[in-house]
Every structure is written in C-alpha cells, then in structure tokens.
Amino acid sequence: MDDWKDRLKAEYAQTKERYEKLKVYNNKQEVEAYLLKDVAEEPEDMYSRALLKKQQTVMGEYLHILELRAELARIDL
C-alpha cells in the first residue's frame, strides 16, 4: 500500500481514539452539570467546557473529512 494511504489510516485511527475519549469526557461533564445545575459554576469551568465541546465538534468534522478522503481513495478504515 502507498505510504500516504497508511498515514491516512493511522491519522484517522489516532484522531478517532482521541475524539471518542473527549466525547466520553464531555458527556460526563454535561451530565454532572445537569445534575448540579443549582450549584454556582465558576466562569472558567463554563468556558473550559465550551471549548472542549467545540474541540469535539471540530474533531468530528475532521474525522468526516478523513472518511471522505478514504472513500475516494478506496481505503478501508
């Protein structure tokens, strides 16, 4: 297989793993925030959570781009 195809597969697998871990973390934070919504939240925590959710969104979009590239190149991820 071509080197670039191997790199694309590796990049996808690594990004997917990081995305899934971040998703689990963000989901846990969201549930905790919902359960503790009566407790005052520090602004830093609120911004940090918002940034992590944005990061998850962007990583998901990037994974989609890698999936499209793989499909065009007929690479099984």
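Guide: Contact here means heavy atoms within 4.5 Å. This is a predicted model, in which local features need pLDDT of at least 70, side-chain atom pairs count only at pLDDT 80 or more, and totals for chains, interfaces and linings use all residues. Residues are numbered from 1 along each chain as its sequence is written, and side-chain values use heavy atoms, with hydrogens and water left out.

Visitor: Why is asparagine 26 called buried?
Guide: Buried means under 20% relative accessible area, exposed over 50%, and partly exposed in between, with a 1.4 Å probe and protein chains only. Asparagine 26 has 3% relative accessibility, so the residue counts as buried.

Visitor: In which helix does asparagine 26 lie?
Guide: Asparagine 26 is part of α1, residues 3-35. Helices are DSSP runs of H or I with at least four residues, numbered from the N terminus.

Visitor: What makes glutamine 56 count as buried?
Guide: Its relative accessibility is 10%, and therefore glutamine 56 counts as buried. Glutamine 56 lies in helix α2.

Visitor: Which residues is glutamine 56 in contact with, leaving aside its neighbours within four places in sequence?
Guide: Tyr19, Leu22, Lys23 and Asn26.

Visitor: What makes a set of residues a nonpolar core?
Guide: The set consists of buried Ala, Val, Leu, Ile, Met, Phe, Trp, Tyr and Cys residues joined through side-chain atoms within 4.5 Å. The largest such core here has ten residues, among them Leu8, Tyr19, Leu22 and Ala70. The elements giving two or more residues to this core are α1 and α2 (43-73), and α2 gives the most, with five.
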